[in-house]
Amino acid sequence: MKSSTKILVGIFLFTLAVRLFFAFTLPEFTYESYFNLRQVDHILDTGLPLYHDGLSYGGRELRFLPFFHYFTALFALVIPLEIAAKIIPNLLLATLVITSYLISKKITNHETGSLLAAFIAGFLPLLFFTNAFTVNALFLPLIFLAIYMFINIQGNKSPLRNKKQQKYLSAYIILLLILSLTSPLTALLLIGFGIYILLSVLEGKKINRTELEVILFSAFFFLWVQFLFFKQSFVEQGLSFIWQNVPSRIIVQYFPKFSVGEALVLVSIIPFLAGAVVVYRSLFQLKNQKSFLLISLVIATTLLSWLRLIRFKQSLAFFSVILAILFASFYQDAERYFHKTRLSHFRKYLLPVVIILLLLSTVLPAITTALAQERPSEEEINAFHWLWENSSVDTAVVATLDEGHLITYYAQRKNLIDDRFMLVKDAEQRFQDLTSLFTTRFQTQALEIAEEYDIEYFVLTPAAKEKYNLKREFPYTSKRCFELVYDHETKIYRRQCQLEEAQ
Amino acid sequence: MTSNIKIENPFLSHLLSHQRKYLSLLLLIIISIPLLLRSAAQQPLLTGGETYYLLTAAQQGSSYNPLAVLASVIPDAGIFLLSPLLSITTLLLFFHLAKKLELSETTTFLIALFAILSPAFIFSSTTLSSTLGFLFLTLSGFSLLVQENKTKYLSIFPFIIATFFDFYSTALLIILLVSYFVFTKKIRDIFSVLILVIVSALLVTNKLLLKLPIILGPFHIQKIVPDLISDFGGVSGIGLFAFLLAFIGIIVTGKKKIFLWSLPLTVLFIVAFLLNTNTILFISILIICYAAAGLKILYEQHWMLPLLKKATIFLLILGIGFSAVAYLDRLSDYSPSATDQATLNKIKSTQKNGAILSAPENSYYIQYFTGEKTVFNLHQGEYRKEQELAQKIFMATYIEDLFPLLEDNNVSLIYLSSKMKENLPPNQGLIFLLQNERFKLLYSSENTEVWSFIK
């Protein structure tokens, strides 16, 4: 085994070990994970995803791409789901180390730079949500693997005449198929391709025929799959489909203004600055064609985030891996610079300094991110479990927006709202009513809303108290109308009263 | 676009040589689906704001629109056949003209196929559409005009009738005639000059004397993107895949003469569409021509990866087909429903002394079924004001805002269709304010309600 391969395997195993350590040390999952857990559960039970959900929003139609859930369900056949849901995402995200190395190596042909890029990709703070069981865990490794395959398809001859290229082409097409069934964010790759063509035209570069054909096929295939799955959303929401029907009051949380400061923190400062330098030099000074595709992807992501067409954190996750890969180019350039100038005798210090800086600027923030993940506490989960054991099956429960999936997963009861807004006509109204239920001082208003949605149980977790700045309990609960049925750190109230119309 | 693709596949070759039969049959099937579905659900067979506007005009004898005039002499039970007949004849006229103009079989086939599968053409073929009427008359006129014998003189009649729709379509007819005469070098013929003089004179007189609109419509609240791309929920439009294919067509034909010639027409169609989305059929036809050019080029070009070529073309055709199927599914649910018709027939016998308030797009069938005035008439030239008024009325927060608006517009009845009740917020706006004592529920059936407003 080559020493670089050994180091790469070492980085991969180290990344995986750290990720799994946090995943198993910290109990439970992040809030949004429970939606995916429930879907996998349903697939294991019925073989089908839950497209008509009788519990979410009290009963609604749901559309999402199901590959990730089927993929995990396969593993969950062998090991318990909650264990699989901790191992699989971390294993998948750790493979970014290998993919980043391969892409960097292809672009720079620089061993040390590529290994550093792999290390950065392994410890990007933004991807260190070790307890998140989300589609991103599969999407990110797959999309970068697809990019690697695409870069390898390039060549003057038809891939059909070159067996190696033919393999890359087949792999790319299979990956595209899986990606199209995994996440609509695959659009990023296609928009990146579009910008890549545009940049190539502007720079007078002749576009490779094979590339063009593959891009054309990719675009139409992706659109076709999305059309099949999201036809109803397209028709009902038109172009607003992009904003996923997120209520206007919280849309800024999902699609915030592009902030360089926040990006610096989330991506970590060194890869971010290095990436910016590489993009600038490649575009305006060197016109480096090898990294054109990656730069196009950076432009696509930045543009979409800036126009608020893509969720900021999702785009940043994609963006950060590209910057990690581009770090290899930066390191290569830095090494050349030291070699050419009077600073050449300092060259031997470059690698250790870079490693120390990376350890400080990526590993430490990554660990902080892992420790600060927003998850429900064990006590909160016990409360939702109590609801499952002690409430009737068709009961509706109110908790915060984040806790919506805990109601459907642990309590297996109807919720008022959760963060899957698509295809819900009254999402805006429900969000407004949820806010009222946590902020109003008037019992009549709370009862009116509760009656409208048939809500029987009110859950007040410590997280909810903090979010809505509640000191002890709901301001409107009285012993006559709201019986305290679960009294721990988390409290559960049962509605006893009904509003009567004035005669 | 005149060269034929060398077709090696015997199935495709057969399809191309018998395209008239197959495509006419396909059109017949496509038109029949929404009509059969509506009939099975006991819904009125006809839908669309323009349909009911023309039917009301036919009842009242208040319009010079050729379709309204025609509808006034056809028995009510047979009116639904008018558009299907017009569209099938239009298709046959296109085949005839394409042959005369020596358009290749492949191009003719692709244009006709994409047109048949386009929501804009499907909508026009199942509703009364002035644009389709104009297209039929224009193609009839040109089919006669291209004859080398004396029958060409008969073309003057369809051209004259075609000037009675609106100012825009008449201007378009003049542009088409001038282009044709210039290309065929007949611009100085006496007959050519005569046609141009008559049509131009009618353009002016119809506008000044008959007060024909600049552009007929719109008959619903306009939304530019959905009205252009039907997959985003518009009333009609073009499928997303046809639209994307048209881009490829524009890129590949960009340097050709034919593209440069079509450029002024493209600009005209875009401007007209932005002003009034009721002109969608015109821009759809242009998009379809570009899409046909795009697909033809994709098919003709040598690809390094032939398997991807087949897959891409297959996906494109599948995508265009899916858009059509998805649209047919939606079209059968368009208003008015059987409940709408029954409820409005009940209103007919109610004492009224004012206008009926409903969603702007419902106004035309309400007028037709009840014979009464409605608050909104989007096509009458005050579109923006009416759109704002609708927004103010339906989203009013307080009765102090709502009542003056209802009084100023002499509202006596409020008609809430089930779709309005689905789309309007229940806890605010008009629906919430209906709890006030000045509103009285007169009739309610299957989520459709009629309220009276006590002045």
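Leaving aside its neighbours within four places in sequence, which residues is Leu124(A) in contact with? They are Val267(A), Ser268(A), Ser320(A), Val321(A), Ala324(A), Thr362(A) and Ala366(A), where contact means that C-beta atoms, placed from the backbone, lie within 7 Å.

A word on the model and its labels. This is a predicted model, in which local features need pLDDT of at least 70, side-chain atom pairs count only at pLDDT 80 or more, and totals for chains, interfaces and linings use all residues. Residues are numbered from 1 along each chain as its sequence is written, while chains are lettered from A and ligands numbered from 1 in the order in which they are written.

Leu124(A) also has a place in the largest nonpolar core, among the residues with the most contacts inside it, together with Ala146(A), Phe327(A), Phe114(B) and Ala242(B). That core has 270 residues. Helix α15 (residues 312–340) of chain A gives the most to it, with 15 residues. Such a core is a set of buried Ala, Val, Leu, Ile, Met, Phe, Trp, Tyr and Cys residues joined through C-beta atoms within 7 Å; buried means that 20 or more other C-beta atoms lie within 10 Å of a residue's own.

Now to the domains of chain A, whose bounds come from an automatic or database domain assignment. Domain 1 covers 3–371 and domain 2 covers 378–495. Their centres, taken over C-alpha atoms, are 36 Å apart. Each domain of chain A brings 26 residues to the contact. On the side of domain 1, α2(A) gives the most, with four residues.

Strands are DSSP runs of E with at least two residues, helices runs of H or I with at least four, numbered from the N terminus; two strands pair if DSSP finds at least two bridges between them.

| Strand pair | Sense | Bridges |
|---|---|---|
| β1(B) and β2(B) (411–416) | parallel | three bridges |
| β5(A) (455–460) and β7(A) (491–495) | antiparallel | four bridges |

Ala355(B) is opposite Val411(B) in β2(B).

Val459(A) has Ile492(A), in β7(A), as its bridge partner.

Definitions and conventions. Contact = placed C-beta atoms within 7 Å. Buried ≥ 20, exposed ≤ 12 C-beta atoms within 10 Å, placed from the backbone.
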